[in-house]
Amino acid sequence: DHCGFEADDIHKQLEDFQQTQLIWISPVDTTTIRQFAQDHQLDHLPNVHWMSDTANVFPKMFNPDLLPSSWVFDQNGKLLKHFNGQTKPEALLKFL
């Protein structure tokens, strides 16, 4: 599960993401999302947010080629970088 591997990698480097808002969006129900967050120890963090998109609105708007995909925005909402597929935290951190 690529999402799980990415979540575990981010968890290992949480201190580097303390000033960053992480928003995870998934097409599954909230119960499954909650379990995923608990399994990867990301459920208790004030800067990690979870969204259920069972209507698949997000993919229609952002058109990812692969899942998981990551988008890095600045504090003004400007897109800095889009990553297709599983992404290492080090790659994300270059844009933070």
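Visitor: Why is Thr20 called buried?

Guide: In this predicted model, Thr20 has a relative accessible area of 15%. Buried means under 20%, so Thr20 counts as buried.

Visitor: Where is Thr20 found, and what is Thr20 in contact with, leaving aside its neighbours within four places in sequence?

Guide: Thr20 is in the loop between α1 and β1. Apart from those neighbours, Thr20 touches Asn47 and Leu96; contact here means heavy atoms within 4.5 Å.

Visitor: What makes Lys88 and Asp9 a salt bridge?

Guide: Side chains of opposite charge can pair when their charged atoms come close. The closest N and O atoms of Lys88 and Asp9 are 3.2 Å apart. The cut-off is 4 Å, so the pair qualifies as a salt bridge. The two residues belong to distant parts of the chain: Lys88 sits in the loop between β4 (79–84) and α4, and Asp9 in helix α1, 79 residues apart. A search of the whole structure finds one salt bridge.

Visitor: How do you know whether Asp9 and Lys88 are buried, partly exposed or exposed?

Guide: Asp9 has a relative accessible area of 14%, which is under 20%, so Asp9 is buried. Lys88 stands at 48%. Exposed requires over 50%, so Lys88 counts as partly exposed.

Visitor: Which other residues of α1 are buried?

Guide: Gly4, Glu6, Ala7 and Ile10 are buried in α1, along with Asp9. The buried residues of this helix pack against β1, α2, β3 and α4 (89–93).

Visitor: Why is the aromatic pair of Phe58 and Phe62 called stacked?

Guide: Their planes are 20° apart and their centres 4.5 Å apart. Rings pair within 6.5 Å, and planes under 30 degrees apart count as stacked, so this pair is stacked. Both residues lie in helix α3, four residues apart, about one turn of the helix.

Visitor: What makes the pair of Phe62 and Phe73 edge-to-face?

Guide: The centres of Phe62 and Phe73 are 6.4 Å apart, with 85° between the planes. The distance is within 6.5 Å and the angle over 60 degrees, so the pair is edge-to-face. Phe62 is in helix α3 and Phe73 in strand β3, eleven residues apart.

Visitor: Why do Phe62 and Phe73 count as partly exposed?

Guide: Phe62 has a relative accessible area of 32%, and Phe73 has 37%.

Conventions
Residues numbered from 1 in each chain as written. Predicted model: local features only at pLDDT ≥ 70, side-chain atom pairs only at ≥ 80, totals over all residues. Heavy atoms only, no water. Buried < 20%, exposed > 50% of the residue type's maximum accessible area, 1.4 Å probe, protein only. Salt bridge = Lys/Arg side-chain N within 4 Å of Asp/Glu carboxyl O. Phe/Tyr/Trp six-rings, centres within 6.5 Å; stacked < 30°, edge-to-face > 60°.
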